[in-house]
Amino acid sequence: MKIYRNPSEVEVREIVTRPTKDAKDLTATVSAVLARIKSEGDAAVLDYERQFDRVELQALAVTPEEFAAAEALVSEELKAALQLAHDNIARFHSAQRYAGIEVETAPGVRCWQKSVPIEKVGLYIPGGTAPLFSTVLMLAIPARIAGCSEIVLCTPPSKDGSVHPAILVAARIAGVSKVFKAGGVQAIGAMAYGTQSVPKVSKIFGPGNQYVQCAKQLVSLADVAIDMPAGPSEVEVIADETANPAFVAADLLSQAEHGVDSQVLLVTTSETLIAAVEAEVARQLALLPRKDIATAALENSRIVLVSSTDEALAISNRYAPEHLIIETADAEALAERVVNAGSVFIGHLTPESAGDYASGTNHTLPTNGYATAYSGVNLDAFCRKITYQKITPEGLQSIGRTVELMAAAEQLDAHKNAMTVRMGG
């Protein structure tokens, strides 16, 4: 990990800048796959599954028999853990229900707003190097609570054509029955355009590699909405001399093991903590099954020494991390001043993994600095707000002349006339 001590403004700009990649070739490749999915449907998806996931499939849909078989392959202990996580996630997201507002903006002019669910949503659950069954809960639970009438889930199959059993059990717990064996770009295309098997949806949710993210952004240009743009997963830890080096190292490694392009940043006010964390990282890293992935991620990660927690927070708000862990004596006070972050974890006993699985908050979050403008997935992400208005005869008198004047000034005479004829003019 590269160490910066009391960084200059130039160095701070370097610290908060994510690595950039030339996406020209990536975009061309993804566009070609999407075009074929759009024109050929299931046949193209099955062919790409053969090419990319190295699996021969006869059909894309997971059968009831496969759901039943998965139940027998997941331990009762893990099922109980999934149920507990489900209950906490459901409790937190249920509390986000929107009651609506109604306002009389002028005499006789009544305006109100109502939240309605997106009817058809698609959930992408990565397989790859780790089957993210926790993401099933994070996406399907708020979709169900919101009232989405159709929830479609795509996930890459194993080479034997099966879906990881924990993904299917999590889907059952979350109330999802439409699961399809499709990964990567072909899954995004199938949900965006619809195929003979996979229903077309109105909005696609879920994380994925650079190909998946590129596909989501391309289909969002004309065909479907997406939850947010995203990049490699990332964590920032702000720590002072009160932090436990073993905790800090564990937090950094928990993110580094996601992928070789994961981002890890430690900002600290303690010089002695740096050496202690480095020693703990080395010790814990050696014990990890995914140490090769974590080691590669750490090569591009950074440690920053600053003079105060105020300075640490200033850097953090510029960095806008996906996950921000605050392990300082003044953690609560610092957290109140966070303005750019996907999710914040406060205190020495609150690891990022709690939010990844079972505390109740959502782990689908903006990365790559998008936390300056985007929220993580929440109940509102699965809803739309529709506004209503109703005008009485008194209301025509209240705002009619204003509407006429403004429409005329914009030279939109038909707009003016729509009000004038109602006013008897």
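A search of the whole structure finds zero disulfides, a disulfide being a pair of cysteine sulfur atoms within 2.5 Å. The sulfur of Cys 154 is 16 Å from the closest cysteine sulfur, that of Cys 148, which is too far for a bond. For Cys 383 the closest cysteine sulfur is also in Cys 148, at 6.7 Å, again too far for a bond.

Cys 154 is buried, with a relative accessible area of 0%, and Cys 383 likewise counts as buried at 15% relative accessibility; here buried means under 20% relative accessible area, exposed over 50% and partly exposed in between, computed with a 1.4 Å probe on protein chains only.

## Basis of the model

This is a predicted model, in which local features need pLDDT of at least 70 and side-chain atom pairs count only at pLDDT 80 or more, whereas totals for chains, interfaces and linings use all residues. Residues are numbered from 1 along each chain as its sequence is written, and side-chain values use heavy atoms, with hydrogens and water left out.

Strand 10 covers residues 263-268, and six of its six residues are buried; helices (H or I, at least four residues) and strands (E, at least two) are DSSP runs numbered from the N terminus. Gln 263, Leu 265 and Val 267 point one way from the strand, while Val 264, Leu 266 and Thr 268 point the other way.

Strand 10 pairs in the parallel sense with strand 9 (residues 234-239) over six bridges, where pairing requires that DSSP finds at least two bridges between the strands. Within this pair, Val 237 has Leu 266 as its bridge partner. The chain passes from strand 9 through helix 10 (residues 245-256) to strand 10 in a right-handed β-α-β crossover, meaning that, with the strands pointing away from the viewer, the path from the first strand over the helix to the second runs clockwise. Strand 10 also runs parallel to strand 11 (residues 302-305), to which four bridges join it, and Val 267 has Val 304 as its bridge partner there.

## Two buried residues and their contacts

Gln 263, in strand 10, is buried at a relative accessible area of 9%. Leaving aside residues up to four places away in sequence, Gln 263 has contacts that include Arg 18, Glu 234, Gln 255 and Tyr 319, contact meaning heavy atoms within 4.5 Å.

Pro 126 lies in the loop between strand 4 (120-124) and helix 6 (133-146), and is buried with a relative accessible area of 13%. The C-alpha atoms of Pro 126 and Pro 157 are separated by 9.8 Å, although these residues are 31 apart along the chain.
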